[in-house]
Amino acid sequence: GEVRGGQERESTTHCPYCALQCSTVLSGERGGVAVRPSADFPVNRGGLCQKGWTAPSVLAVPDRLLTPLVRGADGELAPAGWDEALDLVAGRLREIRARHGADAVAVFGGGGLTNEKAYTLGKFARVALGTSQIDYNGRFCMSSAAAATAAAFGLDRGLPFPVTDLDGADVILLAGANPAETMPPLLRHLESADLVVVDPRRTRTAERAALHLSPAPGTDLALALGLLHLAVTEGLVDKEYVDVRTTGFDAAWESCAAWWPERVEEVTGVPADDLRTAVRMLGGARRAYVLTGRGAEQHSKGSDTVAAFVNLALALGLPGREGGGFGTLTGQGNGQGGREMGQKADQLPGCRSLADPADRAHVAAVWGVDAQELPGPGRSAYELLDALGGDGGPRALTVFGANPVVSAPRAAHVTERLKALDLLVVADFVPSETAALADVVLPVAQWAEEEGTLTSLEGRVLRRRAHLTPPPGVRTDLEVLHALAVRLGQDAGRFPVRPREVFDELRRASAGARADYSGISYARLDAGEALYWPCPADGHPGTPRLFLDRFAHPDGRARFTPVDHRPSAREPDETFPLYGTTGRVLAQYQSGAQTRRVPELVEAAPEAVVEIHPDTARRFGLADGQTAEVGSVHGTTRARVRLTRAVRPDTVFVPFHFPGAGRANLFTGDALDPRSRMPEFKVSAVRVTPAGER
Ligand code: SF4
C-alpha cells in the first residue's frame with residue numbers, strides 16, 4: 001500500500017478478473033474497501049466494467065473460507081487446524097505416491113493465479129511431487145491461440161503490441177470476440193475503427209459493427225479460408241511483405257484455393273458479398289488489425305481456425321508492423337503469464353519445453369535438481385480430469401485457482417471423476433462447487449490481500465499489491481505450497497513464500513527463453529516502468545512491440561500454415577437438431593465462484609438462461625421465461641428461456657458461469673483439438689424441450 005495526503009491509505013493495484021487488468025486504487029479498511037479506476041493507466045484510462053466496480057464485495061463475502069476443512073468419517077466437511085490439514089494432505093499424497101507411483105498425484109492450476117503462484121505450482125508438481133500430471137484451466141481458454149501463434153510467429157504473446165496501438169486503427173476484424181461484454185473498457189480503444197465482427201450471435205459487440213458476419217457455429221475456419229481466397233483474387237495480398245517476411249504462402253494458398261465465396265456462403269451461411277466487403281475493408285485500410293477470441297479458439301479445430309486468421313493477416317502484410325497486426329484477446333486475469341510460468345502440461349517456466357534437453361537443464365539448474373529427474377510432459381487438462389480415479393490415472397488431485405466442476409466440458413462426467421479420487425484437495429477463498437467435493441479445503445488469500453505480478457493481454461507485467469492483510473486463519477497459496485513441500489521432504493529454502501523472492505527466481509528460470517522476464521524486477525515495476533516481455537537484461541526497456549524487424553523463428557520469418565475446414569466433432573442431426581454454444585455475460589466472470597457472490601452482479605445476471613430465437617422456440621413449444629432442457633449426448637442443462645433474435649434460428653446459447661443444473665458444460669462434450677487439446681466448448685449438437693414437471 002501507499003500513503004497519499006498523509007491520511008487515508010491507498011493501494012494501486014489491478015482488477016481481480018480479466019486479462020485487461022484495469023488499474024484500480026483501493027482505499028478503506030476491511031469491510032469498507034472502496035475501489036476507483038486509476039486515471040492514468042493507459043489501458044482503462046479511468047474506466048472499469050461492472051465487475052471491476054464491485055470487486056471489493058468479494059473481500060467481504062459472508063461465506064469466506066477462514067479455516068481449513070477436513071471431511072470426517074460422517075462424510076461432512078468440518079473445521080480443522082492448519083497442521084492437522086497439511087499433515088493429512090502430505091501423508092495421503094506420500095501414501096498414494098508410494099502405492100501407485102508419482103504420476104498418481106496430480107495438480108490442476110488456474111489462469112488467474114499470479115506469475116509467482118503459477119511458477120511455484122509447476123515447480124511443486126515437478127520437484128516436490130515428482131509428477132508429470134499438471135495442467136491448468138487456461139487449456140480451456142487460450143491454448144488454441146497459443147499453439148497457432150507460436151507456430152506462425154515463433155512465440156506466443158496475446159497482443160504483440162500495446163492495447164493503445166488499436167486507438168488509431170481504421171478497420172479491426174474481431175473473430176469470436178465480444179469485448180462489449182467481456183472487457184468493456186477495451187471498447188474505448190476501438191472507437192476510431194470500423195469493426196468487422198465474426199460471430200454466430202448478434203452480440204453487443206456485433207451491434208456496434210460496421211459489418212457483422214454471422215457464420216453457423218463451427219464454420220469460421222471456412223470463413224477465414226474464404227477471406228484469404230478473396231484477398232488473393234481481389235489482388236489485396238502484400239506481395240513484398242509475403243516475399244520478405246514470411247514463408248509458406250503457396251501451400252496456404254493451395255489450402256484455400258477451392259474456398260471460393262459461393263462455396264463459403266454455402267457452408268457458413270454468410271453472403272458472398274459480405275465476404276467481399278469484409279476483405280476489401282481490411283485490405284483497403286491503412287491501419288488494420290485482425291483479433292481473435294474464444295469464439296475462434298474453443299473448437300476441436302481451434303488452432304487451425306486461428307491459423308487461418310493468422311494466414312489472412314500475413315497475406316495482408318499486417319503482423320509485425322506499426323499500425324497493423326494480428327492479436328488474440330486473452331481472457332483470464334493472468335491468462336498470459338499463467339501459460340508462461342510452467343503450470344502447463346508441456347512447458348517449463350519461460351515457455352521452455354519439457355521435451356527439450358537444453359531447456360530442462362536450464363530450469364533444473366535454477367531449481368537445484370538433476371535434469372534427469374524432471375518428469376516429462378503430462379496429460380492436458382481435460383484428459384487429466386477424464387483420467388482421474390481410473391485405471392492408470394491419478395488417484396489424488398490438488399486444485400489451485402480453478403473450479404472445474406463448472407468450467408470443464410462434459411461437467412457431469414468430470415464431477416464423477418473428481419468423486420472417484422482417493423484424495424481431492426482444493427485451495428480457494430470461497431466454497432466453490434469443486435471445493436464442496438473436496439476431502440480437504442485450504443483457505444487462501446485473495447487478490448487485494450497479496451503481493452505478486454500478473455502479465456496482461458498485451459504482455460505487460462503488472463504489480464498486484466496487498467491492500468489488506470489476509471484474515472486470521474487464512475494463508476497465501478505460496479505459504480501453502482511451501483508447507484506441503486517441506487512435509488514432502490523438500491528443503492525449506494527451495495520453496496520461498498515471499499513473492500519477490502519467487503519472482504527473482506522466476507527471472508533466472510526464464511532467462512534466455514522466449515518469455516524472458518530476467519530484466520524485470522519489483523523495483524522497476526514499483527518505480528512505474530511499463531515493462532513488456534521479453535526483457536532480457538537489467539536496464540533493457542522491454543518489448544512493447546514484437547516482430548517489427550523479425551519474427552521469432554530462427555530465419556526471422558513468419559510461417560503460413562496450410563489448414564483446411566472440417567466439420568465439428570458432432571454436427572446437428574435429427575435427434576439433436578440445433579447447435580448449442582456457450583459463452584459469457586457482462587456481469588459474471590468464468591465459473592462465477594467470485595461474481596455469483598456479488599449482490600449487484602447477481603441482480604444483473606442471477607441464473608443460467610438459454611437464448612433462443614422466437615421461431616425456434618415456437619417450433620419446440622417453448623415460451624419466454626419457461627424452464628427448458630438443453631440436452632446433448634453428454635448431458636442436459638436446465639435454464640430459463642430468453643427469446644432473442646440475437647441468436648440464429650439454428651442455434652441456442654447458454655452462458656457458462658452458473659452452477660448445478662444450469663451448468664452449460666453439462667451439454668458440452670469431450671472432443672479436443674489435436675494440437676492444442678482445447679475442448680469444443682463452442683459447438684454441441686443439442687435438442688431443447690420444455691423441462692418436465694418436477
Ligand atoms: Fe476488471 Fe476486466 Fe472489467 Fe477491467 S474489463 S474492470 S479488468 S473485469
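Predicted model: local features only at pLDDT ≥ 70, side-chain atom pairs only at ≥ 80, totals over all residues.
With strand β5 (residues 69–71), β19 pairs in the antiparallel sense over two bridges, and here leucine 69 stands opposite valine 441. With strand β18 (residues 423–428), β19 runs parallel, and four bridges join the two. In this pairing, valine 425 stands opposite valine 440.

Glycine 235 is found in the loop between α8 (220–233) and α9 (239–245). Because 8 other C-beta atoms lie within 10 Å, glycine 235 is exposed; the cut-off for this class is 12 or fewer. The C-alpha atom of glycine 235 is separated by 9.1 Å from that of glycine 283, although the two residues are 48 residues apart along the chain.

Finally, we come to two helices. Two packed helices are described by the angle between their axes and the distance between the axes. For helix α3 (residues 82–100) and helix α20 (residues 477–487), the angle is about 55° and the axes are 9 Å apart. The helices α3 and α20 are therefore oblique to each other, and their crossing is right-handed. At the contact, Leu86, Asp87, Val89 and Ala90 in α3 meet Ala483, Leu484 and Arg487 in α20. Sorted by class, the contact of α3 with α20 has five nonpolar residues, two charged ones and no polar ones.

Key
Residues numbered from 1 in each chain as written. Pairing = 2+ DSSP bridges. Buried ≥ 20, exposed ≤ 12 C-beta atoms within 10 Å, placed from the backbone. Axes fitted to C-alpha atoms, helices over the stretch in contact; angles between N-to-C directions. Parallel < 35°, antiparallel > 145°, perpendicular 65-115°, else oblique. Left-handed = near helix turned anticlockwise from the far one by under 90°. Contact = placed C-beta atoms within 7 Å. Nonpolar A, V, L, I, M, F, W, Y, C, P; charged D, E, K, R; others polar.
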